[in-house]
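Hi,

Here is the structure I promised to pass on to you. Have a look at it first, and then read on for what turned up.

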Amino acid sequence: MSDQSKVNRSRRNLVIASASAGGAAAIGTAIPFVASMLPSERAQALGAPVEADVAQLAPGEKLTVEWRGQPVWIVRRTKEMLEGIKKADSKVADPESKRKSELTPVYARNEYRSIKPEFLVVVGICSHLGCSPQDRFKAGAEAFEQDWSGGFYCSCHGSLFDLAGRVYKNKPAPDNLKVPPYTYLSDTRILIGEDKKGA
């Protein structure tokens, strides 16, 4: 074998090795780059429906779950709470939840703003400046309302919401608390963020 063919073979091996290493490096660099363009688990979770089990939720209690980075309140209302909602009809700005349809899915446009009267499902963010109202479930005289029938009080600017999330008249908050899309998977399991009936 001539010296020339030995040199050519060495060059060819060097070119093949260099190309292989370069290709491996390109793939090694491309995988993390492409992976960085995929949504993170957190980002996926922010948009994904969330399941809530209300089996252990006692009447008069509230459960908070996170959906799309927002608190969603599930309140298991007592008979007295439901009666309090009826008493508040004349005090709230939008008793039938028809003023802004995007805040209430069709299936919740009723006095209780829910699929099942027993359970309220609302986003716990005030429609005024995005504060989170406080629970004030007990009916009775309050500093902010003498004839309080229970609900939510936003201490930031004094907005009031009844136990259906309906805003009181003449308060800073312009609208009711939002009812997210939701559906029942069973009697005790609620899927928030998705509904089979359509909003």
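How do the residues of the lining of the largest pocket divide into nonpolar, polar and charged? One thing before the answer: this is a predicted model. The lining has five nonpolar residues, two polar ones and five charged ones. The pocket itself has a volume of about 160 Å³. If you want to find it on screen, select Glu80, Met81, Glu83, Gly84, Lys87, Ala88, Lys91, Phe137, Ala139, Asp147, Ser149 and Leu163, which line it. Helix H3, residues 79–88, gives the most to that lining, with six residues.

Now the overall layout. The protein has three helices and 11 strands. Going along the sequence, they come in the order α-α-β-β-β-α-β-β-β-β-β-β-β-β. Of the 199 residues in the protein, 36% are buried. Take the contacts between residues at least 6 apart in sequence: 53% of them join residues at least 24 apart.

On to the inside. The largest nonpolar core has 37 residues, and the ones with the most contacts inside it are Ile74, Phe152, Tyr182, Ile190 and Ile192. At least two residues of this core come from each of E1 (50–53), E2 (62–67), E3 (70–76), H3, E4 (119–123), E8 (151–154), E10 (182–184) and E11 (189–192). E4 supplies the largest share, five residues. There is also a second, separate core of seven residues, with Val92, Phe144, Tyr153 and Leu160 among them.

Setting aside neighbours within four places in sequence, Ile74 is in contact with Ala52, Val54, Leu57, Glu61, Lys62, Leu63, Phe119, Leu120, Val121, Ile190 and Ile192.

E1 and E11 run antiparallel and are joined by four bridges. Across that pairing, Ala52 has Ile190 as its bridge partner in E11, and Val50 has Ile192. Val50 and Ala52 make up the covered face of E1, while Glu51 and Asp53 are on the uncovered one.

E10 pairs with E11 in the antiparallel sense over three bridges, and the two form a hairpin with four residues between them. In this pairing, Thr183 is bridged to Leu191 of E11.

Where is Phe137 found? It is in the loop between strand E5 (134–136) and strand E6 (140–142). Is Phe137 buried or exposed? Its relative accessibility is 17%, so Phe137 counts as buried; the cut-off for buried is under 20%. Not counting residues up to four places away in sequence, Phe137 touches Gly60, Lys62, Val75, Met81, Gly150, Gly151, Phe152 and Leu163. Phe137 and Phe152 are 15 residues apart along the chain, and their C-alpha atoms are separated by 7.2 Å.

Lys116 counts as partly exposed because its relative accessibility is 28%. Leaving out neighbours within four places in sequence, Lys116 is in contact with Arg77, Tyr184 and Asp187. The C-alpha atoms of Lys116 and Tyr184 are separated by 9.6 Å, with the two residues 68 apart along the chain.

Last, some backbone angles. Most residues other than glycine have a negative phi. Arg68 is not a glycine, yet it has a positive phi of about 55 degrees. Asn170, not a glycine either, also has a positive phi of about 55 degrees. Arg68 lies in the loop between E2 and E3, and Asn170 is in the loop between strand E9 (159–162) and E10. Arg68 is partly exposed, with a relative accessible area of 48%, whereas Asn170 counts as exposed at 80% relative accessibility.

Over to you, and happy browsing!

Technical notes: Residues numbered from 1 in each chain as written. Predicted model: local features only at pLDDT ≥ 70, side-chain atom pairs only at ≥ 80, totals over all residues. Heavy atoms only, no water. 1 Å grid on protein atoms, 1.4 Å probe; cavity = no way out; pocket = protein on both sides within 12 Å on 5 of 7 lines; lining within 4 Å. Points joined across faces, edges and corners; volume = space filled by probe spheres on them. Nonpolar A, V, L, I, M, F, W, Y, C, P; charged D, E, K, R; others polar. Core = buried A, V, L, I, M, F, W, Y, C linked by side-chain atoms within 4.5 Å. Buried < 20%, exposed > 50% of the residue type's maximum accessible area, 1.4 Å probe, protein only. Contact = heavy atoms within 4.5 Å. Pairing = 2+ DSSP bridges.
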